[in-house]
Amino acid sequence: LATLSLLSISANIFIWLRGSGSPRFTAIFSAALFMAAFSRYAPTYVGVDDPQLFAQALILTGNTLLWRGGFSTRAMIGASFLMILGGLSKHLLIPLPLATTAWIAIYRRDKLLIWVASSLALLATAILIMMMLYGPIFFEDLTAGRTYSSHLAANAWHRLINDIRLLLLISASVLLAVVRETSVAIKRQAT
């Protein structure tokens, strides 16, 4: 399941970028860069049975469906379903659905009511199912306190930046090449 989730995330990166008008090379490079970075910086996570990767695949697939489906009612309900399913798998991943909601509110306001209504209806159904299956202990465990350390977070951030410096440099180089190529093409069309 974890390997399929990883491949799904990579495929979603490719599909989303192609759907947004990015050149095929950029989409392939980005999907391959994700796979390479994941394999390099989280090798023990590849193939591990963990709900995080599965949830990320579900939520990203929901986002891809939403954009590729042109924000149709069917795409919005399907995306909402996938995102809620992903949130049930790993509830710490709610920033992407929240960011999607904010994006819809700003850029596709005409679709906001459908998005919010379908999401709330599906979420209420999911909560009801969880309550019927597991009882109140499900929610007690979900909201149980956790210990956080700003020192550990700062150390993890520092290690991450150290580890991905090369990837950031490669990505910036490719981005500059794409921007340069695009600006040259625009200038040619203008003349």
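**View 1. Phe-71, a buried residue with a relative accessible area of 3%.** Buried means under 20% relative accessible area, exposed means over 50%, and partly exposed lies in between (1.4 Å probe, protein chains only). Phe-71 sits in the loop between helix H3 (51–68) and helix H4 (73–89); helices are DSSP runs of H or I with at least four residues, numbered from the N terminus. The phi angle of Phe-71 is near 60°, a positive value in a residue other than glycine. This is a predicted model, in which local features need pLDDT of at least 70 and side-chain atom pairs count only at pLDDT 80 or more, while totals for chains, interfaces and linings use all residues. Residues are numbered from 1 along each chain as its sequence is written, and side-chain values use heavy atoms, with hydrogens and water left out.

**View 2. Ser-10 in helix H1 (residues 2–19).** Ser-10 counts as buried, at 11% relative accessibility. Apart from neighbours within four places in sequence, Ser-10 is in contact with Ala-31, Phe-34 and Met-35 (contact: heavy atoms within 4.5 Å).

**View 3. The salt bridge between Arg-108 and Asp-110.** The structure holds one salt bridge, defined as a side-chain nitrogen of Lys or Arg within 4 Å of a carboxyl oxygen of Asp or Glu. The N to O distance for Arg-108 and Asp-110 is 4.0 Å. Arg-108 is partly exposed at 24% relative accessibility, whereas Asp-110 is exposed at 58%.

**View 4. Val-116 in helix H6 (residues 109–134).** Val-116 is partly exposed, with a relative accessible area of 32%.

Conventions
Helix = DSSP H or I, 4+ residues; strand = E, 2+ residues; numbered from the N terminus.
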